[in-house]
Amino acid sequence: MGWTLAFAAAAVLFTLISGANDGATLIGLGLRFPRSPGWTAAALLTAALFAGPYVLGVTVARTFTERLAGLDTGQGATAFLTGVVVAVTVVAILTGRGLPTSLTLAVIGGITGAGLGAGLPVAWRGVATVLAVGAGAPLAGLVLGYLLGTASRRVPSYQRMPRLVGTAHLLAYVAQCLAYAVNDGQKMIAVASVAIGVGRGGLGRVGPVDVPPVWMAVLAALFLAGALAGLPRVGARLGRGLVITRPLHVVSAETAATGAVLGSSALGSPVSMTQSITAGVVGVAASEGARRVRWQAVVNMGTAWLVTLPSSLALGCLAGLTLRLL
């Protein structure tokens, strides 16, 4: 019973934090478009998060449970929980210092490190592939954002343009929400699936990813609560640090992030949606000149991302070793 409650608490906390970071960023970018109702952005994101895995699969969720470490052993579930707790701790510390970070990278590092410390086999080739794709996605978003931002300046203006751009924004935002649901959002599904498995069968190996619709609805509701709670903080940061004002630029940034994340999903590799969005925004802003980007904010985020992975990997390894010795 104690372990069941521990896993349930970890799943709830993890989902709330994901909402406060990822969900708030997604909604915040959507609200930068003129006359965008906040409830529409939140409802579309929540619906995509709920339906996406059933329509498009849970390949990325299985990466967290199958491609990082050998979690199909007796200590698999415990090592997984340890990695998740380490990830949350690292993100909390970096956030407390005022630095944005990547929960996705922290989870990858935490689970890999915990598995290594606990004496479980680590799939180094799989980890290397995941990290390579994770590093490539923001670069792809940056390039796409720059190209789309440059192209958007050449679009002629005429009477129906505001309505057409509004439709394009809606389509781009829906695609962005689906991209999150099929990729970065699946880290929550992996955590929830392991928690449900422990509740059903107790501690042991990590089984196949399976989250029933009822529990997916609970997960989506918790994610939305976290997103709404984190929206003022993240929205203000997005507005201060990265400058995009034209409606077509918002659409360009959304499209760039979506393309980068969907490309990674095809490879089954989790990537940070927040990183991809930031890269898309930077690319679009840079298409109008380097002065349009507040580079200090970008440098701060880059520094935090570089610190996240080694910190979570090292702490995860230490925690896993402690678990092994106990």
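Biologist: Which residues line the second largest cavity?

Modeller: This is a predicted model. The space in this second largest cavity is about 70 Å³. Both α5 (103-117) and α6 (124-152) supply at least two residues of its lining. The lining is made up of Ser-102, Thr-104, Leu-105, Ile-108, Val-130, Leu-131, Gly-134, Pro-270, Val-271, Ser-272 and Gln-275.

Biologist: How many charged residues are in the lining of the second largest cavity?

Modeller: Asp, Glu, Lys and Arg count as charged. Six residues of that lining are nonpolar and five are polar, and the number of charged ones is: no charged residues.

Biologist: Which residues are closest to the centre of the second largest pocket?

Modeller: The second largest pocket holds about 320 Å³ of space. Its lining has 14 residues, with at least two from each of α1 (2-31), α8 (186-201) and α9 (213-241). Ten of the lining residues are nonpolar, three polar and one charged. Those closest to the centre are Ala-8, Ala-11, Ala-195, Ile-196 and Trp-215.

Biologist: Which helix gives the largest share of the nonpolar patch?

Modeller: The patch on the surface consists of Phe-50, Tyr-54, Val-55, Leu-56, Leu-170, Val-174 and Leu-178, with about 600 Å² of accessible area together. At least two of its residues come from each of α2 (38-56) and α7 (161-182). The largest share is four residues, and the helix that gives it is α2.

Biologist: Is Val-174 buried, partly exposed or exposed?

Modeller: Val-174 sits in helix α7. Buried means under 20% relative accessible area and exposed means over 50%. Val-174 has 31% relative accessibility, so it counts as partly exposed.

Biologist: How many residues apart in sequence are the parts that Lys-187 and Asp-22 tie together?

Modeller: The side chains of Lys-187 and Asp-22 form a salt bridge at 2.7 Å, N to O. Because Lys-187 is in helix α8 and Asp-22 in helix α1, the pair ties together parts whose separation in sequence is 165 residues.

Biologist: What is the relative accessibility of Asp-210?

Modeller: Asp-210 meets Arg-200 in a salt bridge of 3.6 Å, N to O. Arg-200 lies in helix α8 and Asp-210 in the loop between α8 and α9, so this pair ties together parts ten residues apart in sequence. Arg-200 is exposed, at a relative accessible area of 58%. Asp-210 counts as partly exposed, with a relative accessibility of 39%.

Biologist: Which residues do salt bridges that share partners join into one network?

Modeller: Lys-187 also forms a salt bridge with Asp-184, at 2.9 Å, N to O. Asp-184 and Lys-187 are buried. The network joins Asp-22, Asp-184 and Lys-187.

Methods:
Residues numbered from 1 in each chain as written. Predicted model: local features only at pLDDT ≥ 70, side-chain atom pairs only at ≥ 80, totals over all residues. Heavy atoms only, no water. 1 Å grid on protein atoms, 1.4 Å probe; cavity = no way out; pocket = protein on both sides within 12 Å on 5 of 7 lines; lining within 4 Å. Points joined across faces, edges and corners; volume = space filled by probe spheres on them. Patch = residues over 30% accessible without salt bridge, like charges linked within 9 Å, V, L, I, M, F, W, Y side chains within 5 Å. Areas by Shrake-Rupley, 256 points an atom, 1.4 Å probe, with all protein chains shown as cover. Salt bridge = Lys/Arg side-chain N within 4 Å of Asp/Glu carboxyl O. Buried < 20%, exposed > 50% of the residue type's maximum accessible area, 1.4 Å probe, protein only.
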